[in-house]
Amino acid sequence: MENTTGRFGIFGGQYVPETVMNALTELEREFNAAIKDENFIKEYRYYLKEYSGRPTPLYFASNLTEKLGGAKVYLKREDLNHTGAHKINNVLGQVLLARRMGKKRVTAETGAGQHGVATATVAAMFGLECEIFMGREDIRRQALNVFRMRLLGAKVHSVDSGTGTLKDAVNEAIRDWVARVEDTFYVIGSAVGPHPYPTMVREFQKVIGEEAKAQILEKEGRLPDYVIACVGGGSNAIGIFHPFYHDKEVNLVGVEAGGFGLESTKHAAKMARGSIGVLHGMKTLVLQDEEGHIMPVHSISAGLDYPAVGPEHAYYKEIGRAQYVAVTDDEAKDAFIKLSRMEGIIPALESAHAVAYAIKLAPQLSKDKVVIVNLSGRGDKDVEIVTNLPEVML
Amino acid sequence: MNNRIDMTFERLKKEGKKALIAYITAGDPDIETTAELIFKMIEAGADAVEIGVPYSDPLADGPVIQRASARALRNGTKIKDIMKMVEMIRKNSQIPILYLVYYNSVFIYGVERFMKEAYSAGVDGIIIPDLPLEERGEVFELTKKYGLHLIPLVAPTSHGRIKKIVENAGGFVYCVSSTGVTGERERIETDIKSYLEEVSKYTGLPKAVGFGISSPEMARNIKDYCEGIIIGSAIVSIIEKASTKEEMFEKIDNFIRSIKKVL
Ligand SMILES: Cc1ncc(COP(=O)(O)O)c(C=O)c1O
């Protein structure tokens, strides 16, 4: 699915103030030139390898597989990236682009803090000024990442508006960009926002799927039956899905935050419960009320606590190329513990949603089936949130 | 063509005066007070009113109007209440009325339904701050169908885009004073003169400058280069800070008069 118009079916577009329109056009032009430029790609790949440690392994989770008694479960270990999540793939791409464009200041929104940490990290390496916007509530629940960003030299702004979570951080980051568009590169952290961001973020994340495809072919001699990834804005999911787009036999499953359950009002399940609307510059599926006001959402994981989804996912859903399911807070916590205990891998709570769905799915499949779970990040940042679980209490 | 916006700019031109377009968020502090405030502003000399339709995520607004929006929504302000208020004002005044509304509000309400009801209520123009040229096609046609002006916005960063933005547009051109969101500014760094001269190259429509204008001095410095001044956050800020209704009305009256005097 090539995208030159900024639309994925009816989804996408550029619903932003006039002030940044020329900047978006310039960004699109620079991005298109960069990804065709061998030197740029070489540099990007260099940093992916030498700085972030790619390729990440595709690990066969033998204990989990045995316990579940069905399909073979592989984990794409994005948690082993430098800074602990897939976010850095995209940040390296965008910050290299920012440098190419001569920008000295980079900004980012962050929910779980992983994107903020990745941006602060890469900005530190390249000597760029870095400012991060983070919701008040997320600053509280992801304190470890706030310390990391400050340690790396970034300025962290607390965003108090709305529910003080990811959506509000994006609003504030866009407002800042509108004010400082001439000297600032806004590094969006997910496959969301106005065109060309969703396409650009996907292009910088598709390395996940490209690697996973080659790795599974090497290990199993065939493509997987399922690829599962959690969906906040959708960057780790689109990164692993996109290279399998044309392989129709591969089922793509996005897992969104079911919070307290879809029958409650406390969830972030825009695929299951959203409707078409406009947020953060894109037309997509959004959780909104009857007058189009964005609804407060909830997830135990800050990175999935977002009321909209990248336009390419809305399109995948519409054409039936991917399927989207929801997993509750409790199921995610349970998967968090299970993966830690069985495989010695503590997943991010976001990624635990994908694991939770694999735990439900694998036993229903026969042993010759193959499932890949995108383990988008590691869970150090979340340990505090689960300290009241009986398994963790001293 | 007898859209009230056009007629007002024509009249002011003959009088050698500039327009004062006063912004207020509907439903802040409540819809009845908004209506009263609008009458006060008309009495004090405002030439047009821009009514902000409160939205949950006002991306183009600074903290002052964000808070006003939040207050209005907490009161349960709905689009139908705003339409009713406009209808009531229209029975008593021929002042041009514009809506400042975010695209999702219009989209979810139904673009055609919104324009039709706005027109019936007595609205003359629509401003959608997050609907650039590239996305405005359908909305542009439907505003025209109902005799409304979709007010085009240009910014100091619009180089190379102005011609297309103003093409076929009516009413006036909303010239955003500087980069950034709405909100009072101590000064405006943009070279207003050359910026507005560039806009004039492409259109004979009146130009109104907004974003950050908060004092008679600022209005005086800008007015020679344009046909109108838009004031928002400075008005909303008075409403926010007033401790009694009387104080609010008096301060609004004084403020509008102080600006109108220099135009
Ligand atoms: C580890 C991890 N996984 C997933 C996400 C969700 O984002 P996305 O849907 O863009 O992959 C986040 C976001 O913060 C994250 O930190």
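Predicted model: local features only at pLDDT ≥ 70, side-chain atom pairs only at ≥ 80, totals over all residues.

Colleague: Is His280(A) buried or exposed?

Modeller: The cut-off for a buried residue is a relative accessible area under 20%. His280(A) has a relative accessible area of 3%, so the residue counts as buried.

Colleague: What is the phi of His280(A)?

Modeller: Most residues other than glycine have a negative phi. His280(A) is not a glycine, and yet its phi is positive, near 50°.

Colleague: Where is Thr83(A) found, and what is its phi?

Modeller: Thr83(A) is found in the loop between β4 (72–77) and α4 (87–100) of chain A. At 6% relative accessibility it counts as buried. Although Thr83(A) is not a glycine, its phi is positive, at about 75°.

Colleague: Which residue does a cis peptide bond join to Pro29(B)?

Modeller: Most peptide bonds are trans. Pro29(B) has its place in the loop between β1 (19–25) and α2 (31–44) of chain B. With omega at about 0°, the bond is cis, and the residue it joins to Pro29(B) is Asp28(B).

Colleague: What is omega for the cis peptide bond between His195(A) and Pro196(A)?

Modeller: Pro196(A) lies in the loop between β8 (184–186) and α9 of chain A. The cis peptide bond that joins it to His195(A) has an omega of about 10°.

Colleague: How many aromatic pairs does the structure hold, and why is the pair of Tyr55(B) and Tyr102(B) stacked?

Modeller: Over all chains, the aromatic pairs number 17. For Tyr55(B) and Tyr102(B), the ring centres are 5.7 Å apart, and the pair is stacked because the planes stand at 25°, where stacking requires planes under 30 degrees apart. Tyr55(B) lies in the loop between β2 (48–52) and α3 (63–74) and Tyr102(B) in the loop between β3 (97–100) and α5 (103–109), both of chain B, so the pair ties together parts that are 47 residues apart in sequence. Both Tyr55(B) and Tyr102(B) are buried, and the angle behind the stacked label is 25°.

Colleague: At what angle are the ring planes of Tyr174(B) and Phe211(B)?

Modeller: Tyr174(B) lies in strand β7 (residues 173–176) of chain B and Phe211(B) in the loop between β8 (207–210) and α10 (216–223) of chain B, so the pair ties together parts that are 37 residues apart in sequence. The ring centres are 6.0 Å apart, and the pair is edge-to-face because the planes are at 85°.

Colleague: How much of the ligand does the protein bury?

Modeller: An oxygen atom of the ligand lies 2.7 Å from a polar side-chain atom of Asn236(A), and a ligand oxygen is also 2.7 Å from a backbone N or O atom of Gly234(A). Taken alone, the ligand exposes 390 Å², of which the protein buries 98%.

Technical notes. Residues numbered from 1 in each chain as written. Chains lettered and ligands numbered in written order. Heavy atoms only, no water. Phe/Tyr/Trp six-rings, centres within 6.5 Å; stacked < 30°, edge-to-face > 60°. Helix = DSSP H or I, 4+ residues; strand = E, 2+ residues; numbered from the N terminus. Buried < 20%, exposed > 50% of the residue type's maximum accessible area, 1.4 Å probe, protein only. Polar contact = N/O pair within 3.5 Å; in protein donor to acceptor, adjacent residues only side chain to side chain. Areas by Shrake-Rupley, 256 points an atom, 1.4 Å probe, with all protein chains shown as cover.
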